[in-house]
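Here are a few friendly notes to read alongside the model. Have it open on your screen and follow the points in order.

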Amino acid sequence: MQNNEITIHDWLLLKPYNEEVVSDSSYINLANQFKDVLMEDLYFTEDNAMQEEDAIEFACMLASFVEDIVSDTQIYQTFRRQHKELYGHAVPFSSEEYDEGGSINSCDIQFLVWYYLSVKRPNTIIFLNSFFIAGLIDQLIDVLNNESIDYEVNEDLKQYYSLPHKACHINCVRDLIDNILFRTYLFYPDAYNRLANFEEIILAEDFSDMSPEHAADTQNANLFENRYHFIWHYRTRLLALNGKEWAASLIGKAHPLYQDVLNISKSIRAAFIYKSEDENDLIVEHIASGRRFEITKQSITPKMSLTPNESILFLSINQWQGKWWNSGIVLYKDFDADFILDEKASEEEKLKLAFLDPATQRLEIEELEKQKKHFISFNKNSPIAFMPSNELSKFVSDFGCYYRKCENIKLPEGSADITIEMGSDELDDLNKKWTEAFVFVNSQQGMEISYNFVDIIPDEKNPFYKAEKLRDKFWDVIVSKHASKELTQYYFDQYKEQLSGLSSEFDKVFYPNLDFLTRFWKHDIYFSETE
């Protein structure tokens, strides 16, 4: 395998600026020293999933980490601070001797190695005590301890991670989040690469039925809207936080806009109909729900004349500092009566605004709490039930009857009972593939049905449990997106005694960091909304 030198182009991919600055050359030199170590390691050989491009990216990430500490950019320090607020210590897997006041610790390098390899190989458990990982960490630390390396302060970095102290346009916050998620070394391997995967899908879409100009405009609009969606919604593998939460933590609690940044609402991407306007606002109505919004004209300038009650706009809006702002691409559509009827009939479109009604959300939570209580009673004092997969539908239906009886609910004539929300053909296919299943109830999502890892749940009521598979497969519960946060927590708490001793590294290193690991692998479902 070739061992090419890292270039300024490679380096700038992880930077929030596009042109070389004075200090870059010294850190590129450091990155090349890291890369020499990585290219000799097992994880970066042709026989493994890691290739030279990964070694280049990781070497630049490690050198950028050093640059961040030396230049006091506060990226890694922000992560340390957030981790400590959650868990009482600054870095995952760190020992009691970890020096939080120190600039760079061996535990930091250990964590960054684990983090990068785990992001690149998300279905693999990276064992920190393995011979290869421990050796790699030691070699990387030796590079850092080379006294001949001169670390320069990057005077240009901080400006890209700041926010004005006075009220500002929402785009200032959006641009800050963009820099954090997509052009910062700590999140680049995760957030940017995930974004790039979606961009590849968009670029591969077929627009051959459009004129070249229309196709280019549509593709660009899709790319921008996809990026904006990531900015407002993506949760990082590190701590499952979203962009606004990282931005707020980075600017710090002393910043006058700290709370405003945290309070930015979810982004609503939906169809609206134009109603009217005044000097300051564009008044539109969310078609599905009939709710009106005043969109500040600081964020939107219509490109065409709008007709009240006829002009349809597709907007992405956020509430920021007491006003609603357009924060994405604006698309226009001529009046279409059938489209409006479809929107008004769409429960999915109506639910996009559910978070604006706290009373409804409280009722949903109360309803799910009651469902959990009655499920446990129905299931003989257990929140988890095991059964052959072809009995799932009957189990769910029987519970529906029991629940209505407990709550004294009578179904209106013609109303459907509780059922599995899945097509019969799809359900049949799953039942053919999997002969065993379980149902778990929690107060966030209601009933959770799974066909996965039934055989490694060491419950005395589980007739499908196979003890011989537990040692090799129990990790699946942490890694799998088929297990909610609540199910994962229940599994490791309820069956802790049976799981103890299966892996010394799990007992000593991973179990104390279980919530961190759960956030890492279930980052996009960790904060599941009530369903």
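1. Let's start with helix α8. Its buried residues are covered by elements that include α3 (52–71), α5 (106–120), α7 (170–182) and α9 (212–233), where contact means heavy atoms within 4.5 Å. Helices here are DSSP runs of H or I with at least four residues, strands are runs of E with at least two, and both are numbered from the N terminus. Within α8 (residues 188–203), the buried set is Tyr188, Pro189, Asp190, Ala191, Asn193, Leu195, Ala196, Glu199 and Ile202. Buried stands for under 20% relative accessible area, exposed for over 50%, and partly exposed for what lies in between (1.4 Å probe, protein chains only).

2. A word on the source: this is a predicted model, in which local features need pLDDT of at least 70 and side-chain atom pairs count only at pLDDT 80 or more, while totals for chains, interfaces and linings use all residues. Residues are numbered from 1 along each chain as its sequence is written, and side-chain values use heavy atoms, with hydrogens and water left out.

3. Next, look at α15 (residues 392–407). This helix of 16 residues reaches 23 Å from its first C-alpha to its last, close to the 22 Å expected at 1.5 Å a residue (that is, 1.5 Å times one less than the number of residues). Leu392, Phe395, Val396, Phe399, Gly400, Tyr403 and Arg404 are buried in α15. Seen down the helix axis, they fall within an arc of 170 degrees, so they line one face of α15; the arc is taken from the directions from the axis to the C-beta atoms.

4. What covers that buried face of α15? Among the elements are α14 (358–378), β7 (384–388), β8 (436–442) and β9 (446–450). On the other side of α15, Lys394 and Lys405 are exposed. After the helix comes Asn408, with a positive phi near 55 degrees.

5. Now for a helix pair. The axes of α2 (residues 24–39) and α6 (residues 131–144) come within 10 Å and cross at roughly 155 degrees, which makes the two roughly antiparallel (an angle over 145 degrees). Leu30, Gln33, Phe34, Val37 and Leu38 of α2 make the contact with Leu136, Gln139, Leu140, Val143 and Leu144 of α6.

6. Finally, two loop residues to check. Gln74, in the loop between α3 and α4 (75–87), has a positive phi near 75 degrees. Gln321, between β4 (312–320) and β5 (323–326), has a positive phi of about 55 degrees although it is not a glycine. Gln74 is partly exposed at 26% relative accessible area, and Gln321 is partly exposed at 29%.

Key: Axes are lines fitted to C-alpha atoms, for helices over the stretch in contact, and angles run from 0 to 180 degrees between N-to-C directions. Angles under 35 degrees count as roughly parallel, over 145 as roughly antiparallel, 65 to 115 as roughly perpendicular and the rest as oblique.
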